[in-house]
Amino acid sequence: MENSRHLIVLGDRLVAGVGDARALGWIGRVLARLGEPDLIHPYVLAVPEESTSELAARWRMEAERRAVYGRTAVVLGISPEDTNAGLTTPRSRLNLANILDDAAGMHMSTFVVGPPPLPTYDVNACAALNKALAEVCARRQVPYVDTFSPLVGHDEWSIDVARTGMPGQSGYGLLAWLVLNAGFGSWLGVEDVWEKR
């Protein structure tokens, strides 16, 4: 369809919905809620435990193969992996900045979902990473979803991720709620459809 959007979703296991018994993850729940299968063509491309350096190295090749000029949007689901991979905060910032600047030069709009708190990652390091990534997006006026601040210490989230280290249905539902309420539908141009349902 002429007015359809190619939605390229890049990130780690969280964008793939690993651990979700319904196999939807947060992106599946978000797209199901928006209810526009003819207008949004999603391509979910996940790599387990991917750092921003690894994401920066592959994102362009992945996007270019699926892009339609002027109709391609990119969602980056950033994992907390930078904190375990030994990347410095300035390096994480630079990696994200390079991706966003490159995408803008390719006429691709971007939407960034920040790293949530997970039990296998240091909470203070994740808080610093989240803050740094949010600042990069704010400078470029790119939507950023802070999943860390509302979920750290959240009872339902903490119980859900404690079992396997990854969210289950409840946790992915919380992530989807945060994304939808951060203006994802408006960013895609389908917010009116979501609000009418």
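Helix α2, residues 25–34, has 8 of its 10 residues buried, so it is largely enclosed by the rest of the structure. Buried here means under 20% relative accessible area, with exposed over 50% and partly exposed in between, using a 1.4 Å probe and protein chains only. Helices are DSSP runs of H or I with at least four residues, numbered from the N terminus.

A word on the source. This is a predicted model, where local features need pLDDT of at least 70 and side-chain atom pairs count only at pLDDT 80 or more, while totals for chains, interfaces and linings use all residues. Residues are numbered from 1 along each chain as its sequence is written, and side-chain values use heavy atoms, leaving out hydrogens and water.

Back to α2. Its buried residues are G25, W26, I27, G28, R29, V30, L31 and L34. After α2 comes G35, with a positive phi near 65 degrees.

Next, the cores. A nonpolar core is a set of buried Ala, Val, Leu, Ile, Met, Phe, Trp, Tyr and Cys residues joined through side-chain atoms within 4.5 Å. The largest has 35 residues, of which L7, W26, L34, V75, F184 and L188 touch the most other members. Helix α9 gives the most to this core, 7 residues. A second, separate core has 23 residues, including L45, I99, C137 and Y144.

Last, α9 and its partner. Helix α8, residues 155–164, packs with α9, residues 169–180, at an angle of about 135 degrees, their axes 8 Å apart. Axes are lines fitted to C-alpha atoms over the stretch in contact, and angles run from 0 to 180 degrees between N-to-C directions. Contact means heavy atoms within 4.5 Å.

Conventions. Helix = DSSP H or I, 4+ residues; strand = E, 2+ residues; numbered from the N terminus.
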